[in-house]
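Here is a short briefing on one protein model and its ligand. Keep the structure open while you read.

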Amino acid sequence: MNPLDLVRPDLAGFVPYASARRVGTPAAVCLDANESPWSPPGDPSGLNRYPSPQPAALLTSLADLYGVEPDQLFVGRGSDEAIDLLIRAFCRAGIDNIVTVSPTFGMYAIAARVQGAQCRTVPVDAEAGFALSVDDVMACVDEHTRLVFLCSPNNPTGTDYHALIRPLAEALAGRALLVVDEAYIEYADDDSATSLLDAFPHLAILRTLSKAYALAGARIGSLIAASSVIRLIAAIAPPYPLPTPCVEAAQAALSAAALATVADRIAVTRDERQRLYRAMSNCAGVLRVWPGQGNFLLVRLGCARTTYNRLLAHGILVRDMSAQPGLAGCLRIGIGLPAENDRVLAVLQSPSAGVAA
Ligand SMILES: *Cc1c(COP(=O)(O)O)cnc(C)c1O
């Protein structure tokens with residue numbers, strides 16, 4: 001199947017904005033983009049120039065990191081931007097829909113809403129460990145479904161759906177794009193789904209430097225997909241999505257030395273996750289801890305609000321998930337530095353934690 005068959009038909013033959021950096025390569029004298037010929041006062045770094053829309057060196061580094069070809073990669077302002085662009089490219093307002101699980105990351109539904117696309121959800125049950133089957137998903141897919149978002153490991157549950165990716169891609173062939181959000185894959189036991197890209201041209205994968213690579217402030221996220229899909233997404237993206245200082249920060253974060261540090265930190269986070277999982281499971285006010293594969297754990301308490309407030313009184317901010325469907329009593333607690341995790345445990349282990357007020 002050609003994944004472009006699923007694109008909004010009104011975008012056929014779409015011609016992107018011919019930005020200066022798209023139509024010409026920088027020369028000794030650049031008078032093509034109405035930029036200032038001077039650097040900003042006191043700053044020789046060249047910020048007076050528009051950046052490349054997709055800097056080749058960064059694309060190469062990220063393609064190496066993810067084990068794909070540069071033409072299979074679009075880099076944008078976080079994976080959030082890629083989510084938005086995918087929905088805009090594939091979903092006609094008032095007609096098409098996306099499918100995802102519930103609970104999951106909130107941005108799929110938000111981006112669909114902004115585009116006027118329906119968001120259909122497959123509920124996954126906390127008591128069943130958030131288990132999901134291909135049949136559950138396919139029962140929700142109809143002829144207007146264009147994208148199926150599967151977050152694995154899932155935020156906020158931490159559930160790993162890796163085993164589902166291949167059968168789901170098989171079931172969706174010719175029907176919809178499967179978008180696997182791997183924002184937390186670095187912390188998981190399983191490998192990225194990139195190895196399935198050659199077999200499934202309707203598979204798209206989201207990766208980000210915001211979590212394991214410690215660059216949330218730089219907003220660098222990648223969409224990995226068939227090169228035809230990447231060309232389309234790059235065409236509808238804003239002309240210069242990547243600020244020069246962010247590109248430089250990303251390149252520094254991808255040096256061999258930085259990557260070695262990241263690998264060490266991932267190991268620390270995974271050890272801490274295991275330590276917290278065990279310790280929290282034994283806390284009196286904790287009803288359940290799910291064995292998450294991300295850099296956070298989902299915890300059910302006797303009273304989420306009471307524990308939230310107690311943690312906050314000790315200067316610790318966590319995420320209250322109790323208003324999410326199926327997550328009554330739940331907090332999502334990120335894995336911090338070992339000393340920070342000790343502080344969380346000290347509050348949870350103190351006698352009145354989690355007990356209803
Ligand atoms: C944090 C997160 C993202 C956001 O990534 P950015 O690259 O920072 O936009 C994407 N997906 C999930 C599931 C996340 O939790």
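This is a predicted model: local features need pLDDT of at least 70, side-chain atom pairs count only at pLDDT 80 or more; totals for chains, interfaces and linings use all residues.

Residues are numbered from 1 along each chain as its sequence is written, and side-chain values use heavy atoms, with hydrogens and water left out.

**The ligand site**

- The ligand is surrounded by 13 residues. A residue counts as near if one of its heavy atoms lies within 4 Å of the molecule.
- The closest residues are Ser 79, Tyr 184, Thr 208, Ser 210 and Lys 211.
- The shell holds four nonpolar, five polar and four charged residues. Here Ala, Val, Leu, Ile, Met, Phe, Trp, Tyr, Cys and Pro count as nonpolar, Asp, Glu, Lys and Arg as charged, and the others, Gly among them, as polar.
- Helix H3 (residues 78-90) gives the largest share of the shell, three residues. Helices (H or I, at least four residues) and strands (E, at least two) are DSSP runs, numbered from the N terminus.
- Ser 79 places a backbone N or O atom 2.6 Å from an oxygen atom of the ligand.
- In Asp 181, a side-chain N or O atom lies 2.6 Å from a nitrogen atom of the ligand.
- In Ser 210, a side-chain N or O atom lies 2.6 Å from an oxygen atom of the ligand.
- Taken alone, the ligand exposes 380 Å², and the protein buries 93% of that. These areas come from the Shrake-Rupley method with a 1.4 Å probe.

**The seven-stranded sheet**

- Seven strands form an open, mixed sheet in the order E1-E7-E6-E5-E4-E2-E3. Two strands pair if DSSP finds at least two bridges between them.
- Strand E1 (73-77) and strand E3 (118-123) stand at the edges with a single partner strand each, so one side of each has no neighbour in the sheet.
- Neighbouring strands are turned by 25° against each other on average, direction ignored.
- Strands E5 (residues 177-181) and E6 (residues 203-208) run parallel and are joined by four bridges. Leu 178 has Leu 203 in E6 as its bridge partner.
- Helix H2 (residues 56-66) lies across E1, E6 and strand E7 (220-224), at about 110° to E1. Contact here means heavy atoms within 4.5 Å. Axes are lines fitted to C-alpha atoms, for helices over the stretch in contact, and angles run from 0 to 180 degrees between N-to-C directions.
- H3 lies across E1, strand E2 (97-102), strand E4 (145-151), E5, E6 and E7, at about 115° to E1.

**The four-stranded sheet**

- Four strands form an open antiparallel sheet in the order E8-E9-E11-E10.
- Strand E8 (286-289) and strand E10 (319-320) are the edge strands, and each pairs on one side only.
- Two bridges join E10 to strand E11 (residues 330-334). Arg 319 has Arg 332 in E11 as its bridge partner.
- Helix H9 (residues 256-281) lies across E8, strand E9 (296-301) and E11, at about 5° to E9.

- Most residues other than glycine have a negative phi, and most peptide bonds are trans.
- Ser 102 and Pro 103 are joined by a cis peptide bond, with omega about 5°. Pro 103 lies in the loop between E2 and helix H4 (107-115).
- The bond from Asn 155 to Pro 156 is also cis, with omega near 15°. Pro 156 sits in the loop between E4 and helix H6 (162-172).
- Phe 130 has a positive phi, near 60°. Phe 130 is in the loop between E3 and helix H5 (134-140).

Methods
A polar contact is a pair of N or O atoms within 3.5 Å; within protein, one must be able to donate a hydrogen and the other to accept it, and residues adjacent in sequence count only if both atoms are side-chain atoms.
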